[in-house]
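Read each task, have a go yourself, and then follow the solution step by step.

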Amino acid sequence: MSLAIETEKLTKAYGRKARGIEDVDLAVEEGEVFGFLGPNGAGKTTTVRTLLGFLRPTGGRGEVFGLDIRRDSVEIRARVGNLPGEFALEDKMTGEGLLEYFARLRGVKDLGYARELSERLGAELHRPMRRLSRGNKQKIGLVQAMFHRPPLLMLDEPTGGLDPLVQEEFLDIIEEVRAEGRTVFFSSHNLAEVERVCDRVGIIRGGRLAAVETTETLIDKSFRHVVLTFAEDVDPKPFADLSGVRNLEGGGKRISFTLDDGLDEMVKLAAGHRLVNMEYERPSLEEVFLTYYERENGEGR
Amino acid sequence: MSVVLNRGEKGRHAARAGGTLFALVSHTVRMQLRGVIIWGVALGLYSAGMVASFTAIEGSADQLNQLMDAYPKGMLEAFGVTDLGDPANYLHSQVFGLAPLALSFFPILALANAIAGAEERGTIDVLLGNPLPRWQLVAGNFIAASISLLEICAVVGLLTWGTAALVDVDLSLREVADAVLNLWPICIVFGTVALLCSALFHRRGLAIAVPAFLLFGTYLIDTIGRASEDLEDWRPVSVFYYYGSAIENGIDWTHFGSITLIALALSLLAALVFKQRDIYT
């Protein structure tokens, strides 16, 4: 499968004051929905804006559909629907006016899909932007990114300001986009939605790509929440001493802890007692994500 | 693996580039229409008022000229007053000699908004998310501001000439057309200074302040240079030195073309500068 986005040691330095991105190696395949995760200031927006040619990279290289991000920025933007994270729309314009203008810029004759998307998302197209709420502006932002059916959607926090029903509709649209074989690259703080629609996720921290995995693998490779219930009181200390165990709580007949690794040792130790019940739960993507950042903070200290 | 665009693709892109430039220009001109009406009517009504007021002083022009003779000659030259009994000279001294000081703010504001203003408002990422080359953002805004400025000049010209015809002041359409058309290069050149600053500094305030400072600075150099022999040698550095009085003498096409070329060069420089830099939001 060919790549929609490929970067090699992509670097954008802003100078001493602000952190950009450093040595980002990214490969997003055509047809996948790729989630790009990280807190504010981690480098998500810098990565997207560098790929679109708004920022000049200070090192490395990047391609979108094989087109060079330095040389072919206009051609790249012709193939991309972009929703910036922080954006504003011209106050005097209506959504309809904006879509007609962008259709002319893109050579799109038929606004049928734009109207369909607007209807599904409940976007108000006939009121001036200055009279629209943040959520309504966000809907128009989404429609302008998607109405020309680009082969790649780059969406920065696409569901910010949307109510839950509209978020659901948006995720349905993303699944339709994937079914059409188009690619979606989106950053989000809402990890439940990332978990629902993304095939793979990349986690960026401190301007560096910390991990890229399929959503399932990322969760599978991560820790587990374990709750053990015994028939009689047990000493929790041997469990606490196991190398993969942390956050141990409880005592007596019931103990709970987080297990990073060492499943075999834990099971053998538990089997030495009369076990009544064992709960063994996968974490949510949100917990996995937070763990990455706790590690970073730990390293920082 | 990098893709190299072939000749056919490049041809299609060139054709689309013309389409995007046209779309940008027509959209921007439409968005500026309200400003055109406000500026055109305000300046046009002022000019029409001056035309109407000429009928009141026409009968006492000789006395007024005698009174003017009592003023220092340099001062009268500074404001272009030679014969208040001549409607063309009267309108030059009262309207068209001063109009660039006000009207230049239309292109200055419009072109400061084009890049730095769009960055400050946060609209530039959405606009440039479209396949719009950066040079077209610069060129498109320059062309749109030029068209809108011409529209303002036309409104001012029509109100001036219409009033003159109505109150029977001896002012030909040709004289008025020359006067308003001559406003275009001197105003647009300060707009392109704003465009260059907008491309350089990504701060709208700075992109307005620098051309405004130049506008008043060069006006003062030329005006004081007319009155003072010590400063006369400095006048050629001021763009107002080349402005003249088109309502009396017709347009000096060499000066008109030279100022237009400077405006084009500044726009080209703005496009080159903007191509190189990061876009801020």
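## Exercise 1: The surroundings of one alanine

Leaving out residues up to four places away in sequence, Ala164(B) touches Val51(B), Val169(B) and Leu171(B). Keep in mind as you work that this is a predicted model.

**Task.** Find the helix that holds Ala164(B), and decide whether Ala164(B) is buried or exposed.

**Solution.** 
- Step 1: Look along chain B for helix α9, which covers residues 134-167; Ala164(B) is part of it.
- Step 2: Count the C-beta neighbours of Ala164(B) inside 10 Å, and you get 24.
- Step 3: Compare that with the cut-off, which calls a residue buried at 20 or more. Ala164(B) is therefore buried, because it has 24 such neighbours.
- Step 4: Now check a residue from elsewhere in the chain. Ala52(B) is 112 residues away along the chain, and the C-alpha atoms of Ala164(B) and Ala52(B) are separated by 7.3 Å.

## Exercise 2: Chain B as a whole

**Task.** Describe chain B: how many helices and strands does it have, and what share of its residues is buried?

**Solution.** 
- Step 1: Go through the elements of chain B: there are 15 helices and zero strands.
- Step 2: Of the 281 residues in chain B, 46% are buried.
- Step 3: Take the contacts in chain B with a separation of 6 or more; 77% of them link residues 24 or more positions apart.
- Step 4: For the dimensions, the C-alpha trace spans about 85 × 45 × 35 Å along its principal axes.
- Step 5: Finish with the confidence. Chain B has a mean pLDDT of 90, with 91% of its residues at 70 or more. Where pLDDT is low, the predicted coordinates should not be read in detail.

## Exercise 3: Where the chains meet

**Task.** How many residues of chain B are in contact with chain A, and which element of chain B gives the largest share?

**Solution.** 
- Step 1: Count on both sides: 25 residues of chain B are in contact with 27 residues of chain A.
- Step 2: Sort the chain B residues by element. Two or more come from each of α1 (7-31) and α8 (124-128) of chain B, and the largest share, seven residues, belongs to α1(B).
- Step 3: Sort the residues on this side of chain B by type, and they divide into 11 nonpolar, 10 polar and four charged.
- Step 4: For the complex, the predictor gives an ipTM of 0.85 and a pTM of 0.86.

How values were computed. Residues are numbered from 1 along each chain as its sequence is written. Chains are lettered from A and ligands numbered from 1 in the order in which they are written. This is a predicted model: local features need pLDDT of at least 70, side-chain atom pairs count only at pLDDT 80 or more; totals for chains, interfaces and linings use all residues. Two residues are in contact if their C-beta atoms, placed from the backbone, lie within 7 Å. Helices (H or I, at least four residues) and strands (E, at least two) are DSSP runs, numbered from the N terminus. Ala, Val, Leu, Ile, Met, Phe, Trp, Tyr, Cys and Pro count as nonpolar, Asp, Glu, Lys and Arg as charged, and the others, Gly among them, as polar. pLDDT is the predictor's confidence in each residue, from 0 to 100. A residue is buried if 20 or more other C-beta atoms lie within 10 Å of its own, exposed if 12 or fewer, and partly exposed in between; C-beta atoms are placed from the backbone.
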